[in-house]
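User: Please show me the structure, and then let us go through it in questions and answers.

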Amino acid sequence: MMDATSESERTSLDLSISSPKPAYYVESPSSVSQLDDGEKSSSSTSLIQVHTPNYTILSESRLSSSSRTSNGTSGMGFRWKGSSRRSNMYWPEKPYTINEDEVYDDNRGLSVGQCRAVLVILGTVVVFSVFCSVLWGASHPFSPIVSVKSFNLHSFYYGEGIDGTGVATKILSFNSSVKVTIDSPAPYFGIHVSSSTFKLTFSALTLATGQLKSYYQPRKSKHIAIVKLTGVEVPLYGAGPHLAASDKKGKVPVKLEFEIRSRGNLLGKLVKSKHVNHVSCSFFISSSKTSKPIEFTHKTCKVVTK
């Protein structure tokens, strides 16, 4: 009877596995029998088939039972001919591959040669930066020395006239020149010199203007420049009477202002030394003194280096 039962269950399992519908099996205890001699026999198991749409689970358990008879009753045990352990659960899996070359490339980092190259480049940049800073620091103290030597008034005339809009006012004609010296003490480099507009003012009114022509000055040299200041038909408006009154006294207060800009190039244009000298001179002029130059002293002009 045990053989017939085993054959029937194997046939049932084979049919269920070969069935097109996926299924899994669960074992459940069916009955418990009490033996006369006090021993408990293990319960027989029944297979419950559950259909699922996507997967199949097969489960087996070891059946160990003692077939014993007492008082006309018998207990039956079943044993699977397959494995006695729980079978594996089968799930659909998607294969996953690892590219060993990519992992190696991501983890290997910089090689020794690459590290040395980076260190050499960084060291070169640092050394060059320090060298340029030293050159700049060495060139910074060598600012050009600017001084105004004299002012020469060639013509100074004012009278009644009409401005460009037809308004009657005093009109000024002015012609003069100023002598400026520029001394470059730099021992290692020459300088490029330029200037702002030279302005000669009376109160807030500009009487004459001029410009220094740009030039290159060699190292450790002195340059003397003559800058012409002219004013043509300058309307004086409300300042006319005050200027005429001051001129009668022989002292017309004027102010001369300009800037001398210098630029020294070291290592081509990589390192530049720039300086600006702002010059301001206050003095007196008179229309009666047009032939004799006005000599300046160190107190006449104020020079501020930027």
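Analyst: pLDDT is the predictor's confidence in each residue, on a scale from 0 to 100. This is a predicted model, in which local features need pLDDT of at least 70 and side-chain atom pairs count only at pLDDT 80 or more, while totals for chains, interfaces and linings use all residues. Residues are numbered from 1 along each chain as its sequence is written, and side-chain values use heavy atoms, with hydrogens and water left out.

User: What pLDDT does the chain average?

Analyst: Of the residues, 60% score at least 70. Strands, like helices, are DSSP runs numbered from the N terminus (strands E, at least two residues; helices H or I, at least four). Confidence is lowest in strand S3 (residues 69-70), at a mean of 43, and highest in strand S8 (residues 197-202), at 96. The chain average is 74.

User: How many contacts beyond four places in sequence does the model have for residues 50-87?

Analyst: A contact means heavy atoms within 4.5 Å. Over residues 50-87 pLDDT stays under 50. For this stretch the model has 73 such contacts.

User: How many bridges pair strand S5 with strand S6?

Analyst: Two strands pair if DSSP finds at least two bridges between them. S5 covers residues 145-162 and S6 covers residues 168-184. Tyr158 stands opposite Leu172 in S6. The two strands are antiparallel, and their bridges number 16.

User: Is Lys274 buried or exposed?

Analyst: Buried means under 20% relative accessible area, exposed over 50%, and partly exposed in between (1.4 Å probe, protein chains only). Lys274 lies in strand S13. Leaving aside neighbours within four places in sequence, Lys274 is in contact with Ser262 and Arg263. Because its relative accessible area is 55%, Lys274 is exposed.

User: Where is Leu270?

Analyst: Leu270 has a relative accessible area of 61%, so Leu270 is exposed. Strand S12 (252-266) lies on one side of Leu270 and strand S13 (271-285) on the other. Its place is the loop between S12 and S13.

User: What share of the residues in the chain is buried?

Analyst: The chain has 306 residues, and there are four helices and 15 strands. Buried residues make up 31%.
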